[in-house]
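I shall speak briefly about a few local features of one protein model.

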Amino acid sequence: MASMLARTTRASVGAANLLRATRNASTISMDSNGVLQVPNDPVIPFIEGDGTGPDIWRASQYVLDSAVAKAYNGERKIEWLEVLAGEKAFRQTGEWLPEATLDAYRKYLVGIKGPLTTPIGGGMRSLNVALRQELDLYVCLRPVVYFTGVPTPVRKPEDVNMVIFRENTEDIYAGIEFQSGTQDAKDLVAFLNEKGVGNKIRFPETSGLGIKPVSQEGTSRLVEAAIEYALDNGRRSVALVHKGNIMKFTEGAFKQWGYDVAVTKFRDQVVTERESWILDNYEQGVTDVVENCKAIEPGYDMMTDTQQQTLQAEVSGVLEAILPTHGNGAWKSKLLVRDAIADISLQQVLTRAKDFDVIATMNLNGDYLSDALAAQVGGIGIAPGGNINYKTGHAIFEATHGTAPKYANLDKVNPGSVILSGEMMLRHLGWKEAADLILKSMDTTIANKTVTYDFHRLMDGDKTLLKCSEFGEALVKNM
């Protein structure tokens with residue numbers, strides 16, 4: 001009885017805090033044109049996080065508040081509202097992700113969070129994935145850029161300047177799995193046998209099985225967001241990264257649906273890579289359709305008649321449709337939309353980083369790519385992330401690293417991931433002056449070799465080791 005009463009009391013206190021925040025500050029909204037309306041004193045829900053989360057959050061809040069105060073001379077201020085998830089939520093409410101937390105993010109649209117623990121075993125799903133799926137935050141936005149002086153394993157980290165749009169709600173993260181040996185797994189194998197594909201499972205008796213959903217709707221809204229971002233921010237290209245050579249009806253469909261979005265919704269502003277080849281050939285004097293086909297497909301003479309006719313129709317169609325608008329070199333100033341196989345992309349972001357600008361990809365590919373790229377520019381300790389629904393305005397910005405519980409309460413770890421996620425949040429709100437202060441200060445502070453232990457141990461020469469809180473103070477000083 002006492003335990004139940006304590007839980008009820010704590011939940012009531014949380015509700016009271018939410019009510020006070022509602023009464024005393026302003027709420028972000030979205031207008032009919034899909035534009036965020038941000039007051040000067042918006043309520044921003046935050047989850048401090050587990051493990052090192054409290055240390056990181058204290059430093060991050062200080063930096064964010066200072067940047068806003070300096071940029072706007074005190075005329076703007078964030079009203080922070082703590083909401084619960086993870087270990088702290090479980091201790092206080094008995095739930096890992098209370099409904100009140102989801103309600104707060106739904107109401108106030110934009111929030112931020114530290115790293116969260118996901119309990120192992122018992123079928124408990126990732127709290128990070130749960131937040132994304134419950135709020136339909138379909139874009140995982142991961143900018144990756146190098147700060148001068150950050151220790152890195154690559155020779156030219158300054159070539160890395162990419163923004164990843166990772167689809168956040170589908171793919172294998174949908175969590176549709178069937179455990180080996182269960183009746184559900186046997187039933188699925190039987191169904192696949194009925195469809196004539198069960199023989200592709202080499203060891204059906206002991207296989208765990210998973211389902212990978214990739215939809216046209218999910219693909220289209222992600223690629224649309226990536227292209228709009230690229231156009232709004234003056235980026236050069238959007239690469240659709242996929243493994244469609246193997247998974248033709250999921251990842252291959254992602255590629256095709258992505259191209260469909262590009263050439264239907266953004267026709268006047270984009271050119272696909274194949275279209276650019278056709279137009280360039282034409283402008284170089286290759287006006288014969290067959291010769292143009294041979295130029296873009298060296299194996300043309302080995303194709304069947306039907307394949308050749310299909311290719312001829314493609315070349316003729318491109319010239320007829322966009323030569324008047326994209327010809328005479330106009331295509332060179334358009335946003336280039338291309339595709340790249342996932343495994344080759346993981347190699348080329350290392351060897352040819354300048355070839356990539358904005359990347360749009362599915363959930364698992366995006367997970368691999370974003371962490372691999374983070375390693376090139378200093379690791380996930382300073383890698384920011386945002387989870388966004390551009391249709392509803394909901395967004396949660398977050399640390400991209402784990403909880404590192406062995407460093408909890410030591411005031412030791414790098415708070416850069418949450419601070420830079422906060423920078424993304426400020427930019428999302430339209431408070432770019434405050435966001436710019438943080439970026440410039442981060443660059444200056446690291447270049448001065450005043451860093452936390454993770455960078456300090458890898459740097460040569462004169463350097464200064466800072467605690468987590470001291471790094472936040474240094475950032476504010478260098479604004």
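I begin with Leu109, which is buried at a relative accessible area of 9%; buried means under 20% relative accessible area, with a 1.4 Å probe and protein chains only. This is a predicted model, in which local features need pLDDT of at least 70, side-chain atom pairs count only at pLDDT 80 or more, and totals for chains, interfaces and linings use all residues. Residues are numbered from 1 along each chain as its sequence is written, and side-chain values use heavy atoms, with hydrogens and water left out.

Leu109 sits in the loop between α4 (99-108) and β5 (110-113); helices (H or I, at least four residues) and strands (E, at least two) are DSSP runs, numbered from the N terminus. Most residues other than glycine have a negative phi. For Leu109, however, phi is near 70 degrees, a positive value.

Where else does a residue other than glycine have a positive phi, near 65 degrees? The residue is Asp171, in the loop between β7 and β8 (177-178). Asp171 also counts as buried, at 1% relative accessibility.

I turn now to helix α10, residues 289-296, where Asn292, Cys293 and Ile296 are buried. Viewed down the axis of α10, the buried residues fall within an arc of 105 degrees (taken from the directions from the helix axis to the C-beta atoms), so they line one face of the helix. Their cover includes α9 (273-283) and α11 (305-326). At the start of α10, a side-chain oxygen of Asp288 comes to within 3.1 Å of the backbone nitrogen of Val290.

How values were computed:
Buried means under 20% relative accessible area, exposed over 50%, partly exposed in between (1.4 Å probe, protein chains only). Contact means heavy atoms within 4.5 Å. A polar contact is a pair of N or O atoms within 3.5 Å; within protein, one must be able to donate a hydrogen and the other to accept it, and residues adjacent in sequence count only if both atoms are side-chain atoms.
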